[in-house]
Structure formats: structure tokens, C-alpha cells
Amino acid sequence: LPELTKAAQLETVLARKRVLVIDDVAANRRILREQLWAWGALVDEAETGMDGIHQLQSSHSGRLNERFSLVIVDMHMPGIDGKTTAQIIKGDSRSSDIPVIL
């Protein structure tokens, strides 16, 4: 069998997975959303760290397939920055197992 390309591997991993993108810049969210969609992911967006944290907390009460599989966070945001947002996400036992990319 031929080795899967990196893009095909991402499509396999991300297909139908729910990803949360947290970034205060709309253009950055759009770029990430479109690329993640191309890989088959289901994308939710938040403009601030607190909005993202609230979305994560709301998803905990849903069914397992509605939980987020990945969170992508911008490092430099006003208010709560990406590092603090990631620390809050990882500090919550309900979301500590979700990978966070800064």
C-alpha cells in the first residue's frame, strides 16, 4: 500500500471530528476554518478565550460525539491570552484530555 500523504493522514484523523478555533482575528479564524473543513473537520469558533472556554463547558453536557476533539488557540489575544486559555482548558477535568494547539 502506498504511504498516505500528510494531507490524507489529516483527513483521516480529522474527518467528522469537532474542532474549536479560538482567535480574536476573524481572518485567522476563517483561514483555519476553511483548511479544517477541507480536511473534513466540523469547526466551531470563538473570538475570545472566555468564549472558547464557555463553548467547551457547554459541550461537556452533550453526547460524546458532540464533544470537541481538538482546540486550536491563538497565543496573543486581548484579555485572556492563549497560554492562560490553554491552562484553564487543561485544568478542567472535563476537558483535560482534549489536545490543545497554541
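Residues are numbered from 1 along each chain as its sequence is written, and side-chain values use heavy atoms, with hydrogens and water left out. Because the model is predicted, local features need pLDDT of at least 70 and side-chain atom pairs count only at pLDDT 80 or more, whereas totals for chains, interfaces and linings use all residues.

The model contains an open sheet of four strands. Strand order is β2-β1-β3-β4, and pairing is parallel. Helices (H or I, at least four residues) and strands (E, at least two) are DSSP runs, numbered from the N terminus. Two strands pair if DSSP finds at least two bridges between them. In general, strands of a sheet pair through backbone hydrogen bonds, either parallel or antiparallel. β2 and β4 (100–101) stand at the edges. Each has a single partner strand, so one side of each lacks a neighbour in the sheet.

Val 19 stands opposite Val 43 in β2. The chain passes from β1 through helix α2 (residues 26–38) to β2, and this β-α-β crossover is right-handed. The term applies if, with the strands pointing away from the viewer, the path from the first strand over the helix to the second runs clockwise. Leu 20 has bridge partners on both sides: Asp 44 in β2 and Val 71 in β3. Four of the five residues of β1 are buried, so the strand is largely enclosed by the rest of the structure. Buried means under 20% relative accessible area, exposed over 50%, and partly exposed in between (1.4 Å probe, protein chains only).

Helix α3 (residues 49–59) has the buried residues Gly 49, Gly 52, Ile 53, Leu 56 and Ser 59. Seen down the axis of α3, these residues fall within an arc of 125°, so they line one face of the helix. The arc is that of the directions from the helix axis to the C-beta atoms. Contact here means heavy atoms within 4.5 Å.

Ser 59 belongs to α3. Its relative accessible area is 5%, so Ser 59 is buried. A polar atom of its side chain lies 2.7 Å from the backbone oxygen of Leu 56. A polar contact is a pair of N or O atoms within 3.5 Å; within protein, one must be able to donate a hydrogen and the other to accept it, and residues adjacent in sequence count only if both atoms are side-chain atoms. Not counting residues up to four places away in sequence, Ser 59 touches Arg 18, Glu 66, Arg 67 and Phe 68.

In α4, the buried residues are Gly 82, Thr 85, Ala 86 and Ile 89. They cover an arc of only 95° around the axis, which puts them on the same side of α4. These residues pack against β1, α3, β3 and β4. At the start of α4, a side-chain oxygen of Asp 81 reaches to within 3.4 Å of the backbone nitrogen of Lys 83. The backbone oxygen of Asp 81 lies 2.9 Å from a polar atom of the Thr 85 side chain. Thr 85 lies in α4 and is buried, at 0% relative accessibility. Leaving aside neighbours within four places in sequence, Thr 85 is in contact with Ile 22, Gly 49, Ile 53, Val 73, Met 77 and Ile 80.

Two loop residues are exposed. Arg 16 lies in the loop between α1 (6–14) and β1. Relative accessibility is 64% for Arg 16, so this residue counts as exposed. Phi of Arg 16 is near 65°, a positive value in a residue other than glycine. Gly 79 is found in the loop between β3 and α4. Gly 79 is exposed, with a relative accessible area of 81%. Gly 79 and Ala 46 are 33 residues apart in sequence and 13 Å apart in space, C-alpha to C-alpha.
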